[in-house]
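Student: Could we go through this structure together, taking the terms used for it one at a time?

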Amino acid sequence: MGRNLTPEVIRLLREAGCHVVRHGKGDHDIWESPVSARRFPVDAKIVSRHMANTVLKQAGLPKNF
């Protein structure tokens, strides 16, 4: 398996002004983005660069992985 990309994704989300709305079921947290005005889940262990980019896209941010 690949490395855990979640810390880097969370850093990018926080820099863009995103914040945690609530803790979801299992190992997902629900975040909200002021850029896209959407709520989206963030897994506690993102190992795929495709999933990391999907989270950023939902937040209205450019691809970074």
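This is a predicted model: local features need pLDDT of at least 70, side-chain atom pairs count only at pLDDT 80 or more; totals for chains, interfaces and linings use all residues.

Student: Why is the pair Arg11 and Glu15 called a salt bridge?

Tutor: The N to O distance between the side chains of Arg11 and Glu15 is 3.0 Å, and the rule asks for a side-chain nitrogen of Lys or Arg within 4 Å of a carboxyl oxygen of Asp or Glu, so the pair qualifies. Arg11 and Glu15 are four residues apart in helix 1, which means that about one helical turn separates them.

Student: Why is Glu15 called exposed, while Arg11 is called partly exposed?

Tutor: Exposed requires a relative accessible area over 50%, and Glu15 has 60%, so Glu15 counts as exposed.

Student: What makes Arg39 and Glu32 a salt bridge?

Tutor: Their closest N and O atoms are 3.8 Å apart, which is within 4 Å, so this pair also meets the rule. Arg39 is exposed at 53%, whereas Glu32 is partly exposed at 24%. By this rule the count comes to three salt bridges, and Arg3 with Glu8 is one of them, again with 3.8 Å between the closest N and O atoms.

Student: Which residues have the most contacts inside the largest nonpolar core?

Tutor: They are Val9, Leu13, Phe40, Val42, Ile46 and Val55, in a core of 14 residues. Helix 1, strand 3 and helix 2 each give two or more residues to this core.

Note on methods: Residues are numbered from 1 along each chain as its sequence is written. Side-chain values use heavy atoms; hydrogens and water are left out. A nonpolar core is a set of buried Ala, Val, Leu, Ile, Met, Phe, Trp, Tyr and Cys residues joined through side-chain atoms within 4.5 Å. Buried means under 20% relative accessible area, exposed over 50%, partly exposed in between (1.4 Å probe, protein chains only).
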